[in-house]
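Visitor: I should like to learn how to read the features of a protein model. Could we work through one together?

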Amino acid sequence: MPSLQETLLVFSDLDGSLLDIHTYEWRPALPWLDKLQDAQIPVILCSSKTAAEMRDIQEELGLEGLPFIAENGAVIQSDVRWETGPRLIQGMPHRDISPRIEQIRLQTGFKFTTFDDVDVHVIGEWTGLNRYRAALARRHEASVTLIWRDSDEKMARFEEELALCGLKCVQGARFWHVLDARCGKDMAVSWLIDRYAEREQMIPTTIGLGDGPNDAPLLDSVDFAVVIKGINRHGIVLRDDNPGRVYHTQQPGPAGWREGLDHFLS
């Protein structure tokens, strides 16, 4: 089992994990956020959210300057102490993905609504975010977020069309996200682990926490995984679900986040 005395990295999903899926409350996780900060253990946020949202949330949680992974791995922010570029955009940018999706919609008639199709007010209604945060949620750099309004069968066909364009669709807790097929939370996590090994001269032990299907690549890429009880009907399927490596929480959201760290670190 890992301990606070080890060289640790904690990778965490946001919505439905560190943040309550409905209220975005995070204070049940505060005791562990404080303990990790006191032990100088980085908490690296890893989400489908945009980089603009992630920076705002980092500030709220007291995690400024740490790396983060945005848009399901398509965007990586390095540690501010490292002499690297401010942000790495992986694969195809948003400006190229969006017209490809629109072309597929026109050719097939698939029913979906993207964040690009609606205004800030509608995104606020969908997400429960205030106007400021909803505006940040539209600032995609390397993906497109959408609500799927068609059948599961047509989703399979949509994924086939995306693959022909070099794209893939991943399912989060509430939305679907289209990004470059070469990107993923797993690749981004591995990239950051390698940077820590190189920059900090350490081989870290890693813990990951997540609740949705799009968190499986993250949880498959770490030493210890916390599967937080979520709302998605498909749940999370991991390659290695060994109880010694993986803990499934009884509680959802930040209470489950705390429960998972209690299990591995207390």
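Guide: We shall take cysteines, helices and strands in turn. Please keep in mind that this is a predicted model.

Visitor: Let us begin with the cysteines. How many disulfides does a search of the whole structure find?

Guide: A disulfide is a covalent bond between the sulfur atoms of two cysteines. The search of the whole structure returns zero disulfides. For Cys46, which is in no disulfide, the nearest cysteine sulfur belongs to Cys183 and lies 12 Å away. Cys169 is likewise in no disulfide; its nearest cysteine sulfur, that of Cys165, is 13 Å away.

Visitor: Is Cys46 buried or exposed?

Guide: The cut-off for a buried residue is under 20% relative accessible area. Cys46 counts as buried because its relative accessibility is 0%. Cys169 also counts as buried, at 10% relative accessibility.

Visitor: Now the helices. What span should the 15 residues of helix α7 have?

Guide: At 1.5 Å a residue, α7 (residues 185-199) should span 21 Å, and its end C-alpha atoms are 21 Å apart, so the two values agree. Just after α7, Gln201 takes a positive phi of about 55°.

Visitor: Which residues of α7 are buried, and where do they fall when seen down the axis?

Guide: An α-helix has 3.6 residues a turn, so residues three or four places apart point the same way. In α7 the buried residues are Lys185, Ala188, Val189, Leu192, Ile193, Arg195 and Tyr196. Viewed down the axis of α7, they fall within an arc of 160° and therefore line one face of the helix. Their cover includes the strands β1 (8-12), β2 (43-46), β3 (68-70), β4 (75-77) and β10 (205-210), together with helix α8 (216-220).

Visitor: How many residues of helix α2 are buried?

Guide: Helix α2 (residues 51-61) is mostly covered, with eight of its eleven residues buried. These are Ala51, Ala52, Glu53, Met54, Asp56, Ile57, Gln58 and Leu61. They pack against helices α1 (30-38) and α5 (131-137) and against strands β2, β3, β4 and β5. After α2 comes Gly62, with a positive phi near 75°.

Visitor: Turning to strands, what is the order of the open sheet of eight strands?

Guide: Its order is β5-β4-β3-β2-β1-β10-β11-β12, and the pairing is mixed. The edge strands, β5 (87-89) and β12 (246-252), each pair on one side only. On average, neighbouring strands of this sheet are turned by 15° against each other, direction ignored.

Visitor: In which sense do β11 and β12 pair, and which helix packs on the sheet?

Guide: Strand β11 (residues 224-229) and β12 pair in the parallel sense over four bridges. Within this pair, Val227 stands opposite His248 of β12. Helix α9 (residues 253-265) packs on the sheet and touches β1, β2, β10, β11 and β12. The direction of α9 makes about 145° with that of β12.

Visitor: Finally, which residues of β7 are buried on one side and on the other?

Guide: Both faces of β7 are covered: Ser143, Thr145 and Ile147 are buried on one side, and Val144, Leu146 and Trp148 on the other. That accounts for six of the six residues of β7 (residues 143-148).

Visitor: Which strands pair with β7, among them β6 and what other?

Guide: Strand β6 (residues 112-114) runs antiparallel to β7 and is joined to it by three bridges. There, Phe112 has Trp148 of β7 as its bridge partner. Strand β9 (residues 176-180) also pairs with β7 in the antiparallel sense, over four bridges; Leu146 stands opposite Trp176 in β9.

Notes. Residues are numbered from 1 along each chain as its sequence is written. This is a predicted model: local features need pLDDT of at least 70, side-chain atom pairs count only at pLDDT 80 or more; totals for chains, interfaces and linings use all residues. Side-chain values use heavy atoms; hydrogens and water are left out. A disulfide is a pair of cysteine sulfur atoms within 2.5 Å. Buried means under 20% relative accessible area, exposed over 50%, partly exposed in between (1.4 Å probe, protein chains only). Helices (H or I, at least four residues) and strands (E, at least two) are DSSP runs, numbered from the N terminus. The expected span of a helix is 1.5 Å times one less than its number of residues. The arc is that of the directions from the helix axis to the C-beta atoms. Contact means heavy atoms within 4.5 Å. Two strands pair if DSSP finds at least two bridges between them. Axes are lines fitted to C-alpha atoms, for helices over the stretch in contact, and angles run from 0 to 180 degrees between N-to-C directions.
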